[in-house]
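Let's take a walk through a protein model, one piece at a time. Keep the picture open while you read.

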Amino acid sequence: MTLLPILLAIRAAGADAELIARLRRRDPHALAELYDRYGRLTYSLILRVVRDSGIAEDLVQETFLRVWNRVQAFDAQKGAIGPWLLAVARNRAIDYLRSTGGRERNTVEFETTDHPALHIDIEPGILASDKARKIKAALEKLAAHQRQVIELAYFEGLSQTEMAERMGQPLGTVKTWVRTALKNLRDELGAAVVSA
Amino acid sequence: MNCSELRDHYELYVLGVADEPERSEIRTHLDRGCEVCTAEMKRAREFAALLGGTAMPAEPSPKLRRRILASVGAEERRFGWAPFLAAATVLSLCAAVYFIGRERDFAQEASILRDQSRRQTIELTRLSEAFAILNGAETTVTSFGESQPKPKGKVFCNPALGVLLIASNLPQAPAGKAYEMWVISRSGQAVRAGMFQAEADGTALHIERRTLDMKTTGVVAVTLENEAGVDQPTTTPLIVASLALQ
């Protein structure tokens, strides 16, 4: 797994506030710059979820349009646009996955998880930070079933109950795996995340 | 539930996949401004953001960027055929103007060449007729003007082909005038034998195609007349070639 998308975001991390201000002024060039910074990262995330390049591109387009249309609610001085963009992208992708899989869509829940106001006070350069490299290494260290439950939660939007059904495991076992995986990740990330 | 019991559910809540009753419990804590839960939520959102960056890197198609920008009404400057088409159009117009001009030139040149060709054909025909008279077995030659300063030359008469006049030192006819050749019988009857002009160098070649009775033809003469021609000589002949009696 390479760090290329994150490395691409490094050079732009410090300029988020200026970029957000330009997006709020409806500057199309700012949208182009936003895409240049986060387009590949967004596409990679969505493709990981939907596993179809054509659909992934459609959802990337939806994601950037959603950000473009909702950026007025974003605090240019406090917001971290990268994490917000990824949250929107993930929610678009998971919502698509649920709609095609006959699963219950939880659009209202997503509305609350990718709201711009929730992404203030997050470190603007977090996607290019040392933490990003640490979490990759931490995921690699997890046991396979622990990594699987984290990925099912993040990339497929499954609750613990849904994971238990998918994996054919008792709910208690899955909860244990989730709890253990999160503890291990926190431990690996250490104070870096907690103190951020 | 207290905050420590919710500890393993903040990340799932942020991802929108927390089960009940933990989801409602966290919401209740947040609604009442729980500081612990608020701080944990901030940490969980950072955790979620970091997870988003762990997907295997992939490359979208180059068209996607243009699609997105076009969807908000922003036109990207990009490579296209438009500048080349515009340049090609300008070049085509220039070429059209050039070739139309060239075509006009070619047409003019072709017209000139056709005229030259037509004149050369006429000249060749005349020369061919002249050679026929010159080479005719029955052709007789009569010189004129030998004792005069001008004009001088020869008259070739062939009974079947006609009369060939070759002259030099012939002055240019004044405006409205032309030289007229006469075939005059021995009895003095003059018959018109064609109009001609002298060349710029004073030479002239004139052919009158007709049959001749060499026994009755006595003189070939040339007078200066109105260019429309006259039925009988009105001026003193400049050229008089007296044919020998056959």
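Two residues are in contact if their C-beta atoms, placed from the backbone, lie within 7 Å. With that in hand, look at chain A of this predicted model: among its contacts between residues at least 6 apart in sequence, 71% join residues at least 24 apart.

## Chain A: helices

What is chain A built from, helices or strands? It has eleven helices and zero strands, so if you read along the sequence, you get the pattern α-α-α-α-α-α-α-α-α-α-α. Of the 196 residues in chain A, 44% count as buried.

## A closer look at α7(A)

Let's pick out helix α7 of chain A, residues 130–141.

Now, which residues of α7(A) are buried? They are Lys131(A), Ala132(A), Ile135(A), Ala138(A) and Leu139(A). Seen down the axis of α7(A), these buried residues fall within an arc of 120°, so they line one face of the helix. Here's the background: an α-helix has 3.6 residues a turn, so residues three or four places apart point the same way. Turned away from the buried side of α7(A) is a face that carries the exposed residues Asp130(A), Ala137(A), Glu140(A) and Lys141(A).

## A sheet in chain B

Over in chain B, you can find an open sheet of four strands, in the order β1-β2-β3-β6, with antiparallel pairing. Why is one side of β1(B) and of β6(B) left without a neighbour in the sheet? Because β1 (140–144) and β6 (204–208) of chain B stand at the edges, each with a single partner strand. On average, neighbouring strands of this sheet are turned by 15° against each other, direction ignored.

Zoom in on one pair: β1(B) and strand β2 (residues 152–158) of chain B run antiparallel and are joined by five bridges.

## Where the chains touch

How many residues of chain A are in contact with chain B? There are 55 of them, and they touch 36 residues of chain B. Helix α3 (residues 28–50) of chain A gives the most to chain A's side, with twelve residues. Sorted by class, that side of chain A has 35 nonpolar, eleven polar and nine charged residues.

Notes:
Residues numbered from 1 in each chain as written. Chains lettered and ligands numbered in written order. Predicted model: local features only at pLDDT ≥ 70, side-chain atom pairs only at ≥ 80, totals over all residues. Helix = DSSP H or I, 4+ residues; strand = E, 2+ residues; numbered from the N terminus. Buried ≥ 20, exposed ≤ 12 C-beta atoms within 10 Å, placed from the backbone. Pairing = 2+ DSSP bridges. Axes fitted to C-alpha atoms, helices over the stretch in contact; angles between N-to-C directions. Nonpolar A, V, L, I, M, F, W, Y, C, P; charged D, E, K, R; others polar. Expected span 1.5 Å × (residues − 1). Arc of directions from axis to C-beta.
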